[in-house]
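The sequence and structure come before the details.

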Amino acid sequence: MSDADDLTDAVLTASRLLVAVSARSLAAVEETLTLPQLRLVVLLDSRGPMSLTALADLLEVNPSTAKRMIDRLVTAGMVAREPNPTSRREVVVVVTGEGSRVVREVMARRRAEISTIVARMPEHLRHGLVEALAAFAEAGGEPRWSARDQTPERPRDRAEVD
């Protein structure tokens with residue numbers, strides 16, 4: 001087995017743990033959101049207003065699927081549709097105050113649980129993990145986020161509004 005295979009297996013195993021942490025964190029806030037719906041709200045909260053097409057592209061779903069998700073999230077009060085400030089004929093989707101609150105609460109719960117897991121790791125293995133995970137997230141196009149500053153870093157190379 002190659003180093004790439006070993007690394008892929010390790011990341012897959014870790015991703016199962018992280019999905020479980022995410023699901024538990026979402027369930028703890030007693031919201032009726034699914035993980036894909038939460039992902040959409042997180043994208044809006046971290047990247048700002050976006051068109052339906054831009055959201056569908058980032059979520060890697062069909063625009064009709066994204067529209068149905070947005071409709072449900074509008075009904076739940078997590079997102080809203082607003083006129084595009086640069087083109088009044090177009091509409092963008094924005095996170096609401098309630099959506100941002102849910103993101104903050106879920107992220108705080110996730111951070112607390114992940115912190116507990118990291119604390120159980122041998123200290124000498126923690127140091128390389130920061131650099132490796134940062135590179136992994138960057139390679140996947142995920143912006144840096146820290147609960148310490150509560151402000152997601154916005155990507156510089158993507159248009160937020162079509």
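A salt bridge is counted here when a side-chain nitrogen of Lys or Arg lies within 4 Å of a carboxyl oxygen of Asp or Glu. The model is predicted, and six salt bridges are found in it.

Asp 71 takes part in a salt bridge with Arg 81, with 2.3 Å between the closest N and O atoms. This pair links distant parts of the chain, since Asp 71 belongs to helix H4 and Arg 81 to strand S1, ten residues apart. The side chain of Asp 71 also meets that of Lys 67 in a salt bridge, at 3.0 Å from N to O. Lys 67 and Asp 71 are four residues apart in helix H4, so about one helical turn separates them. Buried residues are those under 20% relative accessible area and exposed ones those over 50%. Asp 71, at 28% relative accessibility, therefore counts as partly exposed. Lys 67 is partly exposed at 43%, and Arg 81 is partly exposed at 40%.

Glu 98, Arg 101, Glu 105 and Arg 109 are linked in a network of salt bridges. Within it, the closest N and O atoms of Arg 101 and Glu 105 are 2.8 Å apart. Because Arg 101 and Glu 105 are four residues apart in helix H5, about one helical turn lies between them. Glu 105 is partly exposed, with a relative accessible area of 27%, and Arg 101 is also partly exposed, at 29%.

## Strand pair

Strand S1 (residues 79–84) pairs with strand S2 (residues 87–95) in the antiparallel sense, over six bridges. A hairpin of two residues joins S1 to S2. Arg 81, the partner of Asp 71 in a salt bridge, stands opposite Val 93 in S2.

## Nonpolar core

The largest nonpolar core contains 23 residues. Leu 33, Leu 40, Leu 44, Leu 55, Leu 73, Met 78 and Val 79 have the most contacts inside it. At least two core residues come from each of helix H2 (35–47), helix H3 (52–59), H4 and helix H5 (97–120). H2 gives the most, with six residues.

Leu 40 is in contact with Leu 55, Leu 59, Met 69, Ile 70, Leu 73 and Val 79, leaving aside neighbours within four places in sequence. In soluble globular proteins, nonpolar side chains tend to be buried together.

## Helix H2

H2 spans 18 Å from its first C-alpha to its last over 13 residues, close to the 18 Å expected at 1.5 Å a residue. Ten of its 13 residues are buried, so H2 is mostly covered. Among the buried residues are Gln 37, Asp 45, Ser 46 and Arg 47, along with Leu 40 and Leu 44.

The buried residues of H2 pack against helix H1 (3–28), H3, H4, S1, S2 and H5. Gly 48 follows H2 and has a positive phi, near 90 degrees.

## Confidence

The protein has an average pLDDT of 85, and 88% of the residues score at least 70.

Where pLDDT is low, the predicted coordinates should not be read in detail.

Terms used. Residues numbered from 1 in each chain as written. Predicted model: local features only at pLDDT ≥ 70, side-chain atom pairs only at ≥ 80, totals over all residues. Heavy atoms only, no water. pLDDT = per-residue confidence, 0-100. Core = buried A, V, L, I, M, F, W, Y, C linked by side-chain atoms within 4.5 Å. Buried < 20%, exposed > 50% of the residue type's maximum accessible area, 1.4 Å probe, protein only. Contact = heavy atoms within 4.5 Å. Pairing = 2+ DSSP bridges. Expected span 1.5 Å × (residues − 1).
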